[in-house]
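Please read them beside the model.

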Amino acid sequence: MRRLAARGAAGDAGEVAAPAADSSDSAQGRSPSSWRLIDLCAVWDAGVYLPSAAWNGASSGVARRRLNEAERLSSVREAQLKRLKVTRPRVLGSRERGRVPRMARQPPPPWVHAAFLLCLLSLGGAIEIPMDLTQPPTITKQSVKDHIVDPRDNILIECEAKGNPAPSFHWTRNSRFFNIAKDPRVSMRRRSGTLVIDFRSGGRPEEYEGEYQCFARNKFGTALSNRIRLQVSKSPLWPKENLDPVVVQEGAPLTLQCNPPPGLPSPVIFWMSSSMEPITQDKRVSQGHNGDLYFSNVMLQDMQTDYSCNARFHFTHTIQQKNPFTLKVLTNHPYNDSSLRNHPDMYSARGVAERTPSFMYPQGTASSQMVLRGMDLLLECIASGVPTPDIAWYKKGGDLPSDKAKFENFNKALRITNVSEEDSGEYFCLASNKMGSIRHTISVRVKAAPYWLDEPKNLILAPGEDGRLVCRANGNPKPTVQWMVNGEPLQSAPPNPNREVAGDTIIFRDTQISSRAVYQCNTSNEHGYLLANAFVSVLDVPPRMLSPRNQLIRVILYNRTRLDCPFFGSPIPTLRWFKNGQGSNLDGGNYHVYENGSLEIKMIRKEDQGIYTCVATNILGKAENQVRLEVKDPTRIYRMPEDQVAKRGTTVQLECRVKHDPSLKLTVSWLKDDEPLYIGNRMKKEDDSLTIFGVAERDQGSYTCVASTELDQDLAKAYLTVLADQATPTNRLAALPKGRPDRPRDLELTDLAERSVRLTWIPGDDNNSPITDYVVQFEEDQFQPGVWHDHSKYPGSVNSAVLRLSPYVNYQFRVIAVNEVGSSHPSLPSERYRTSGAPPESNPGDVKGEGTRKNNMEITWTPMNATSAFGPNLRYIVKWRRRETREAWNNVTVWGSRYVVGQTPVYVPYEIRVQAENDFGKGPEPESVIGYSGEDYPRAAPTEVKVRVMNSTAISLQWNRVYPDTVQGQLRDNYKLEMVVVNGRGDGPRSETKEFTTPEGVPSAPRRFRVRQPNLETINLEWDHPEHPNGIMTGYTLKYVAFNGTKVGKQIVENFSPNQTKFTVQRTDPVSRYRFTLSARTQVGSGEAVTEESPAPPNEAYTNNQADIATQGWFIGLMCAIALLVLILLIVCFIKRSRGGKYPVREKKDVPLGPEDPKEEDGSFDYSDEDNKPLQGSQTSLDGTIKQQESDDSLVDYGEGGEGQFNEDGSFIGQYTVKKDKEETEGNESSEATSPVNAIYSLA
């Protein structure tokens, strides 16, 4: 026997009632009643739903309605008991009570799940404004986003909202105002925004297709519905066509295409014969997801029927049939001998050649598929071949998700339900027969429409309070967030100085009554959108209680319960609990108060019975309510039925003795094979046993005793084996082999606290080897999603444990069972539970400061994991300063795990601190760690090396150590020692060299790194080995990236051998430039890198020069200098002109005039200083010296072949020819014109 123990609502809350309403209730208009209904949150906390726990009776005013409801709930309970699954025992007569779960869960009806979800939401602190207080509108009901309607019915587009005052409604259609009054077919329900479009008087529904949106408005704001896309269902007719018979060779593949008419929604496809007989499908003949009928190989018997594709349309419930296909099979064996169908080699017997598989769908060897998160992924592979291939499915790099994957269509289709990002990857199907195999790879990409991470909630504030609305969503691609207020974009709304928008958050400061509004957050990407309304209401309301007064709650001993005290007030009141009028507040220890005011008692004891008072207080007043708690003894089966082996025709008695609370009504019932047991004439059911007379073979099976009260229940199970002969009863399980345990199941999280949670599970079958341990693992989705870590370990005798949690971790748990054979598969994951955040309580470890270059210091540390981050946006405050200088700390905030401090002196000690910080605050003040900046080569060698001979086989070496400041790093020793014997002739052979080496370092940068571009297709790189290898070189690392302006391509990494010093890069495009970074490597790591860029293409250089020359400093300075010189020239010319002097240009080269030469007729004169007059062709420098004018002409050119003559003073006395006169004059003029300085001095 094995106990299954369903400890029902045992103590979550059990039953609740309240005494008759007092005078205050009557004064408020409440109808008095003897008992009140418990909140479902109090019943469904432990995962066991007992409808009777919610009832105790009813007064005459409401008795009939509640009695009918109770009957309905009781029938639900019976139905759930019918479906209750229990574990078949493996050990005869076992009494392993410790390993058996104490709480066998019953799956509750869906509406109970919804109620429990609402209960969890209420624990999160959601506050509802009572409807008698003014409040903005809230959408309470609306049609689905994609609303498909039946064209034969009236169209209904739902939109319901609440608010005070009651909201008014209007609609838009295709983003334009929809005037309902102008269309006689359209009406709006009274006190509702629901649209009704009536076609009883005619009209076409297609005319009303479009996108609708509902607006609910009162004087405090406007709420919006989703954008509802209205479409009318379509059932188009199949196009008429005449189909010729399909001729195919026996054994060949065949595809019969359906091509149904496109309907809305898509029709359901199935194949039948023209006589409406279904087509038999198997792994050889089957229908694909696209509706086509595939024959992996055609056999002669396929001619016996025709094939018609049928389409069934959802709304019209009509079936349309395509004209049938007729097959004509060509065969080498014309007789369709039915005996050959089961022949072991049917194809050879029919003369069909065998062939390897090939894919009919999809075609080729690879394809891709995109699926949205939360949808179903359907992968399909259909192959032909003889014999018919078998299909197997695999996922590269992992296993198929066993909890979500299932095979369909004779293994030709793989369906994965509720797809998540972890289901992306490469899947492949393998089609094989005895002739061979082929595979097709399907690359699956998982995208996601937006889904909520933090949906905005209504914000209720008192005047002058601060608050915020947060709208966070995720998706793939990342969704964008748009804020609206009262249906209008926020940026076009009137400015509000009390409101600040920061991305996905709106912050309100010092709110006033005028700040009331409804805000909409719309987050969208290419796959969909989410729209949420959240109002801001500013109220001044004293506390009030929202639940009935003086409730009675009955609970089971040693379980937990929660006492609810719903309240409201603004500012939000503080709530305290008291017991039996005592003055101490109940919080801590065995009590926990949630944000919404509920009081949780973690383990009910007898002394917890009494009257509990909750008091809500704010600055405007206080309110209180009372709850009476009664503690009941649990229901226990203390003598359980035993496994029995009985002979046919004998009498068997199964005991079931129960202990329960006498104030509760006990009911004992029996199940056989998990179904309600019919008590016939051969059976007798008593309060403590079940007797079976004349046991028959049909009586063999499992028997479960169910003992239940209004508050809880207990189960115990035994197995009856009936022997048909007179053989001696033996242990039927003694020879069964042992195996690993089955996975635990039905994981449930309860006792949700800030830093702990209770995890409960139901053990799986131990497979004849007792479970020794349970390993609880957790996974979080922020730092290492999908990676499971061990959390804790528990003995095999427990199935519930309190887990200690870290702040701000989104936990998900699973359990692994262990026995002497091995470990079970992990259980299915539990639901997620995120703990609240807090400042970090620790800092990162392994903090180091080491130089990677001579002028830097790299600070590194081990990053903190998810369980130590304690909050969002984890970052590190890095501080450093030189040791013992008392200078100010330098600090920087880093999101990674390293930071490089630059421009440091060589090998200087630093104090380093790394402190963790998140959005909730900083971690503790960290301890200082000493690090050093980078080393440089030593600047000195040891001096005064002395050798002293000790004896014939020993010497003593002595030297002076270098000064510490010349080491420029950590001193390491590196020696080579060898000995030789010396005589008068010379040195003898050398001894073995003893070498002592220090640990390797990283090499210096490669030398002479050169980048050459011989053409537009290739780039040649060359370099020399590093000057300082600092160890044994293991190779080089080259990183390069193409860039064009601000656009940067993907970085490419190449690794070379230590002997390679050349590399050629093939350009991918002739426009982009390349940036190369080269470093050498030892076993320690990569050394200092050197970076070079490829030359710019000619057109790029020209373009850059044209674009940038006007902004260059040298160009601006040159232009200013030229302008200044031109200005000076103009000034000098003006001065000379004002003196009246003239400077004629001579047309001939004459002998220079002397001082006695007369003036020219025009009144001008030439002035020259014979002593200082320069030679022709010379130029006066700025310092007054004479410089020879540079020219390419030879002096010989100025004569007629004779040699020139010079005076003793070196002056030239040769005669110019007439041919050269003009050229010289022109040459001198041009030369002088090009020199502004010369012109100035000439004029001056």
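1. Cys471 and Cys521 are joined by a disulfide with their sulfur atoms 1.8 Å apart, a disulfide being a pair of cysteine sulfur atoms within 2.5 Å. The link of Cys471 and Cys521 is left-handed, with -65° about the S-S bond. It connects distant parts of the chain, 50 residues apart: Cys471 is in the loop between strand E32 (467-470) and strand E33 (472-476), and Cys521 is in strand E38 (residues 517-525). Strands (E, at least two residues) are DSSP runs numbered from the N terminus.

2. The model is predicted, so local features need pLDDT of at least 70 and side-chain atom pairs count only at pLDDT 80 or more, while totals for chains, interfaces and linings use all residues. Residues are numbered from 1 along each chain as its sequence is written, and side-chain values use heavy atoms, with hydrogens and water left out.

3. Are the cysteines of the first point, Cys471 and Cys521, buried or exposed? Cys471 has a relative accessible area of 1% and is buried; Cys521, at 0% relative accessibility, is buried as well. Buried means under 20% relative accessible area, exposed over 50%, and partly exposed in between (1.4 Å probe, protein chains only).

4. A disulfide also joins Cys565 to Cys614, with an S to S distance of 2.0 Å. With 70° about the S-S bond, the link of Cys565 and Cys614 is right-handed. Cys565 lies in the loop between strand E42 (561-563) and strand E43 (567-570), and Cys614 lies in strand E47 (residues 610-618), so the pair ties together parts that are 49 residues apart in sequence. Both Cys565 and Cys614 are buried.

5. Cys656 and Cys705 form another disulfide, S to S 1.8 Å. The torsion about the S-S bond of Cys656 and Cys705 is about -75°, so this disulfide is left-handed. Distant parts of the chain are linked here too: Cys656 is in the loop between strand E51 (652-655) and strand E52 (657-659), Cys705 is in strand E57 (residues 701-708), and the two are 49 residues apart. Cys656 and Cys705 are buried.

6. How many disulfides does the rule give? The count comes to six. With the bonded cysteines of the chain numbered in sequence order, the pairing is 1-2, 3-4, 5-6, 7-8, 9-10, 11-12. Separately, Cys1133 counts as partly exposed, at 33% relative accessibility.

7. Asn625, in strand E48 (residues 621-632), is buried at 2% relative accessibility. A polar atom of the Asn625 side chain lies 3.1 Å from the backbone oxygen of Pro548, and a polar atom of that side chain lies 3.4 Å from the backbone nitrogen of Asn550. Beyond its neighbours within four places in sequence, Asn625 is in contact (heavy atoms within 4.5 Å) with residues including Met545, Arg549, Tyr612 and Cys614.

8. An open sheet is formed by three strands in the order E15-E18-E17, with antiparallel pairing; two strands pair if DSSP finds at least two bridges between them. Strand E15 (254-256) and strand E17 (285-287) stand at the edges with a single partner strand each, so one side of each is left without a neighbour in the sheet. Neighbouring strands of this sheet are turned by 20° against each other on average, direction ignored; axes are lines fitted to C-alpha atoms, and angles run from 0 to 180 degrees between N-to-C directions. Three bridges join E17 to strand E18 (residues 293-295), and the bridge partner of Gln287 in E18 is Leu293.

Technical notes:
Helices (H or I, at least four residues) and strands (E, at least two) are DSSP runs, numbered from the N terminus. A polar contact is a pair of N or O atoms within 3.5 Å; within protein, one must be able to donate a hydrogen and the other to accept it, and residues adjacent in sequence count only if both atoms are side-chain atoms.
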